[in-house]
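Q: Could you walk me through reading side-chain contacts in a model like this?

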Amino acid sequence: KILSIESRTGEYFTMRKKIKMIGMDLDGTLLNSQKELTPYSRKILERASRQGIVILPATGRPISGLPEELLELRGLRYALTANGARLVDLKENHTLYERLVPHEVVGKLLDIFYKYDTLLEVYFDGVGYAQRRALERVGEFLPQKPMADYILATRRPVESVRKKYEETQKDSDKVQAIFCRKEEQDMAEREVKKSNLEVELTGSLGNNIEVNVRNVNKGECLLYLGRLLGISRDEIMAFGDGGNDVSMIRAAGIGVAMENSIPEAKEAADIIAPSNDEDGVARVIERYVTG
């Protein structure tokens, strides 16, 4: 199939290979502002799956944070989680790829983030743990109720994140800190960067810092699965809206940013889709991929 696609600059480019894999962020991209997968989007994704296209959720969420309506999609097999730190075969319940933050590095990150007023999370084995007292104040950190509800529904509350870290004695998928105050976020980010830790910093909410081990990102993990399945870069389409999606948008043969994306994601993209509240992912897939 040959597709001629108009980019945001008004130029046209042609893809000479059929799309065989579609990676898509969830929050702000596939899911609408109420954190819902609409019936139309579900229909288009299942149509793509029936045509043999690999549908890949590609999210900063832990595996335990994937919504049930997504997991119930017919044909869904793989999930890219924690910004690419963990790639899971859902059918076999098996981790295909993981690149985790070393235990000692997690401790140093906690030393930094504990200085600030944060909703602090550590992911172990695909599960997110957050301090109970911060979760009780979730509305201060996340004023948008759907996101706050998602956090409350998917995080396991602990009395102390540091104690959980010390007891677990494991490497972490990801460390995340959500801030009330922008100045504290900026201070913490500068401190992490000055620490010379081998880590990668991104964000997806505007007031958060997501920390993975260096060179872990959605783009690298997306291409890894492509190689595993014999799918070339040119045969991959990827959708995103946030800072943690930029690497994936750039890595894919066709990178798509949502209309509601941050400027960096739009700059990285080949084309701009309608917003997540307009079923932008499904509309682009139906127009350019599945017919």
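This is a predicted model: local features need pLDDT of at least 70, side-chain atom pairs count only at pLDDT 80 or more; totals for chains, interfaces and linings use all residues.

Q: Which aromatic pair does Tyr 224 form, and how is it described?

A: In general, two aromatic rings are described by the distance of their centres and the angle of their planes. Here 4 aromatic pairs are counted (rings of Phe, Tyr and Trp, the last by its six-membered ring, with centres within 6.5 Å; planes under 30 degrees apart are stacked, over 60 edge-to-face, the rest tilted). Tyr 97 and Tyr 224 make a tilted pair, 4.6 Å centre to centre with 40 degrees between the planes. Tyr 97 belongs to strand 7 (residues 94-98) and Tyr 224 to helix 9, so the pair ties together parts 127 residues apart in sequence (helices, H or I of at least four residues, and strands, E of at least two, are DSSP runs numbered from the N terminus). Tyr 97 is buried, with a relative accessible area of 15%.

Q: How many salt bridges does a search of the whole structure find?

A: The general idea is that side chains of opposite charge can pair when their charged atoms come close. The search finds 29 salt bridges (a side-chain nitrogen of Lys or Arg within 4 Å of a carboxyl oxygen of Asp or Glu). One of them joins Asp 25 and Lys 218, at 3.0 Å from N to O. Asp 25 sits in the loop between strand 3 (21-24) and helix 1 (39-50), and Lys 218 in helix 9 (residues 218-229), 193 residues apart.

Q: Is Lys 218 buried or exposed?

A: Lys 218 is buried, with a relative accessible area of 0%. Asp 25 is buried too, at 4%.

Q: Where does Arg 61 lie relative to Tyr 150?

A: Arg 61 lies over the face of Tyr 150, 3.7 Å from the ring centre (NZ of Lys or CZ of Arg within 6 Å of the ring centre and within 35 degrees of the ring normal). Arg 61 also forms a salt bridge with Asp 27, with the closest N and O atoms 2.7 Å apart.

Methods. Residues are numbered from 1 along each chain as its sequence is written. Side-chain values use heavy atoms; hydrogens and water are left out. Buried means under 20% relative accessible area, exposed over 50%, partly exposed in between (1.4 Å probe, protein chains only).
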